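Please look over the sequence and the model shown here.

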Protein chains: 2
Amino acid sequence: MQNIRSPCCGPDFKHLIHSGLANIPGSKTAILPIMSSTSDITDLLLNAKQASRYINQLANSQRIALTNSLATAIEQHIPKILAANATDLARMDPANPMYDRLLLNESRLLAIAAATREVATLPDPVGKLQLSITKPNGLRISKITVPLGVVGAIYEARPNVTIDIVALCLRSGNAVVLKGGSDAAATNACTVAIMQQVLENAGLPKAAITLLPNERGVVQPFLNATKYIDVIVPRGSQGLINFVRSHASVPVIETGAGVCHTYVHAQANLAKALPIVVNAKTQRPSVCNALDTILVDETVAGIFLPQLKEPFAQFGVGIYADEKSYAFLQAAAYPNLHHTQPEDFGREFLSQNCSVKVVRDLDEALDHIAEYSSKHSEAIITEDAAVAERFLQEVDAAAVYHNASTRFTDGGEFGLGAELGISTQKLHARGPFALEKLVCEKWIVRGSGQVR
Amino acid sequence: MQNIRSPCCGPDFKHLIHSGLANIPGSKTAILPIMSSTSDITDLLLNAKQASRYINQLANSQRIALTNSLATAIEQHIPKILAANATDLARMDPANPMYDRLLLNESRLLAIAAATREVATLPDPVGKLQLSITKPNGLRISKITVPLGVVGAIYEARPNVTIDIVALCLRSGNAVVLKGGSDAAATNACTVAIMQQVLENAGLPKAAITLLPNERGVVQPFLNATKYIDVIVPRGSQGLINFVRSHASVPVIETGAGVCHTYVHAQANLAKALPIVVNAKTQRPSVCNALDTILVDETVAGIFLPQLKEPFAQFGVGIYADEKSYAFLQAAAYPNLHHTQPEDFGREFLSQNCSVKVVRDLDEALDHIAEYSSKHSEAIITEDAAVAERFLQEVDAAAVYHNASTRFTDGGEFGLGAELGISTQKLHARGPFALEKLVCEKWIVRGSGQVR
């Protein structure tokens, strides 16, 4: 590793990395970063790509130190971040439901910094030996995990996401290009500058964290930058995800909407079913693993549905009921009751509302889920083990549950740590898209002159 | 599994699968398949999706038997397939370089059938336990591999690809939707009908193998069918791949072009370097892992390049040389010599031609590869172990080689069996995209009433 290379652009960081001088944090051997003096998107992306060649080669200890330094920097600059956040907040009506998502305060920032330190403690996803064979001709072939390269993220006005994604990317040896929501522009510019300073202090190119300018025109070139971006993660509303899916030629990991069903089977223990359904719906309705539709077997609907009245009443849960369930709920004088419209099935409510449908049997439940599920999290409540196994096997979703709340679909709950989102597509990562999946594979073949 | 479900469309195959009556091959309990009587693309895709619900649930033994039955059916219908192939061939000029790719004969069909039987012997990729944890609250969480669902394939006029892809998909429990090249329309229609008959004989819905009509208008709806298709694999030219990447909202696995470099380092053993370079370029130049560009260190260029003359002459290799290498090759009276044009770097030749560039050192080689590589297969020839390790670590490609020919990048050579192609993107599968990767993950959570 003693070969010192002349970098393809900007000053030479490589020798700092390879000579171990880039001690992180607090190295004072600061070197000027690659400057993004032009807003030309291609230059920004090229700089990020070139910076990734350094970040991708960092050792685990360096990546851990770098991640902890991010947390320290956030903690040290709380007043500055809150001031920037205040300018964003001043441009938004406090009655806007987005206001709370945009809002930072000291305790939120400390929690974000703590979460960043958590990321530092996660097992290294890089360099895992996945396969190793020696061929009869003497070729030694191995497959190991390596950083993806440059991760792109496009998301809405949640300033915590900026820091979360940077921490996960740097921890896994990836450069990151961010396109955040314009409502959070000042906050993002502030936190990114603080995190770039951490890179500079470590003698690393600050383009490894690139925030795209707050201009609509950058989005399409970003989504098509197959030469510079290895994967794009959209994080936010279904509308954003659909836009990215339709417009990106860079590979996308969809961290998508959850249209989640819980099926109360004929053999359900209703004493289990009730708290599970209530938890899945009400504990945090704004998140993707919350319940959207209750399917209830016709043999138990008349007993079960009226039991929802009291626990749901505490949260003011509105029910959009199909014809049969409407009758049962109306008979029980359920207070917040509506007839379903066709769009109420397959709808992600993200609120204290849900739809209900009475089904004939498991088959009708499976067909309904196959038709309307977003393939996120699906649950069955039953004491019949064979029925449960058939549900677990046949339902096509990232996470399938027997006798538990769908709210558990979460990187932390599944033992993976912080997540970029819950993937509802099937390639590469399914379910919690966490640190372990911010890598790809590389085949390494060592020979002694072999030809084919 | 005794629950007999009413299928969401068409006759009920499920009970045959679950009762074990769908013995494959040769079951005479043939049931009419879901008919695709309309050319409406949505109906075809919906049928394929619904058929996938049956195929996805097949046991390993059933999938093995099904795959072997495909091979038997191909062998039994050779005259019929050759007749169909003759009608395709009759529409093509025999001087067309595509003619040989389109051509089938008995020995080729027997080889395809044998390859199909090979696929049957590969380890089952489905149902692999990848993770299993029990949480303090008693939740039992596991992650297993499951079929992707419906695999889409779009490719050119190579009729063998039709059978290869069907075999890999059915072996791994996936339904498959094919859009083949129009020049092979009659051959594809014939082989697909034969393979659908295998499904029918087994009491399975023939829509699990769906051949899209030979109409341009089907392509865009196919590429956007996120509701029905779980992944699309384009297989063929870079133009096709770029088109699919730019127009698909379904996730794509790119099995792409290979712009492959071999770098002859200053410390190379030239007695190894020469046969490796000659093999990588000449053994099968039409494939993606063949050499496209030789990078040669300036300290050895004057010795090494003239040595290429004799072995390359046997194959009439044309060299597109940069200024420095041109001088060395001209001095050696290399017969088929041209000056490089800018497009000759980063060019996949797919023929007995290559480009050559003299480089100053490892760093210049790494920069050149970073700029021009398609991230497929890259090699270094050197006796300096530290230089080799730096190359292996820093080059961003699916496969990186030390002292061996890039021609080894192949599913068979890497121990994975037949491949759908070599993936040059980073998500899900990188390098040989083979049976083992025709699956995704599913989280299964078993509880006893847990809530969050």
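Where is A:Lys375 found? A:Lys375 sits in the loop between α15 and β12 (377-381) of chain A, where helices (H or I, at least four residues) and strands (E, at least two) are DSSP runs numbered from the N terminus.

## Basis of the model

This is a predicted model, in which local features need pLDDT of at least 70 and side-chain atom pairs count only at pLDDT 80 or more, while totals for chains, interfaces and linings use all residues. Residues are numbered from 1 along each chain as its sequence is written, and chains are lettered from A and ligands numbered from 1 in the order in which they are written.

## Residues with positive phi

The phi of A:Lys375 is near 65°, a positive value in a residue other than glycine. A:Lys375 counts as buried because it has 23 C-beta neighbours inside 10 Å; a residue is buried if 20 or more other C-beta atoms lie within 10 Å of its own, exposed if 12 or fewer, and partly exposed in between, with C-beta atoms placed from the backbone.

In chain B, B:Asn403 belongs to strand β13 (residues 399-404) and, although not a glycine, has a positive phi near 55°. B:Asn403 is buried, with 22 other C-beta atoms within 10 Å.

## A buried loop residue in chain A

A:Ile229 lies in the loop between α9 (219-223) and β6 (231-235) of chain A, and with 27 other C-beta atoms within 10 Å it is buried. Apart from neighbours within four places in sequence, A:Ile229 is in contact with A:Leu45, A:Val150, A:Gly152, A:Val177 and A:Val250, two residues being in contact if their C-beta atoms, placed from the backbone, lie within 7 Å. The C-alpha atoms of A:Ile229 and A:Val296, which are 67 residues apart along the chain, are separated by 45 Å.

## The two faces of helix α14 in chain A

Helix α14 (residues 323-331) of chain A has A:Ser325, A:Tyr326, A:Phe328 and A:Leu329 as buried residues. These residues lie on the same side of α14(A) because they cover an arc of only 165° around the axis, the arc being that of the directions from the helix axis to the C-beta atoms. The elements that cover the buried residues of α14(A) include β8 (291-297), α12 (298-307), β9 (318-321), β10 (337-339) and β11 (353-359) of chain A.

On the face of α14(A) turned away from its buried side are the exposed residues A:Glu323, A:Gln330 and A:Ala331. Just after α14(A), A:Ala333 takes a positive phi of about 55°.

## Helix packing

Two packed helices are described by the angle between their axes and the distance between the axes. Axes are lines fitted to C-alpha atoms, for helices over the stretch in contact, and angles run from 0 to 180 degrees between N-to-C directions. In chain B, the axes of helix α3 (residues 60-76) and helix α8 (residues 185-201) come within 9 Å and cross at roughly 135°, which makes α3(B) oblique to α8(B); angles under 35 degrees count as roughly parallel, over 145 as roughly antiparallel, 65 to 115 as roughly perpendicular and the rest as oblique. The contact involves B:Leu66, B:Ser69, B:Leu70, B:Ala73 and B:Ile74 of α3(B), together with B:Ile194, B:Met195, B:Gln197 and B:Val198 of α8(B). By class, this contact of α3(B) with α8(B) has seven nonpolar, two polar and no charged residues, where Ala, Val, Leu, Ile, Met, Phe, Trp, Tyr, Cys and Pro count as nonpolar, Asp, Glu, Lys and Arg as charged, and the others, Gly among them, as polar.

Helix α4 (residues 78-90) of chain B also packs on α8(B), with axes that come within 7 Å and cross at roughly 160°, and α4(B) and α8(B) are therefore roughly antiparallel to each other. In chain A, α11(A) and α12(A) pack at an angle of about 45° with their axes 10 Å apart, and are therefore oblique to each other. Their contact is made by A:Leu270, A:Ala273 and A:Leu274 of α11(A) and A:Val300, A:Ile303, A:Phe304 and A:Gln307 of α12(A), which divide into six nonpolar, one polar and no charged.

## The contact between the chains

The contact takes 66 residues from chain A and 67 residues from chain B. On the side of chain A that touches chain B, β16(A) gives the most, with 11 residues. By class, that side of chain A has 29 nonpolar, 20 polar and 17 charged residues.
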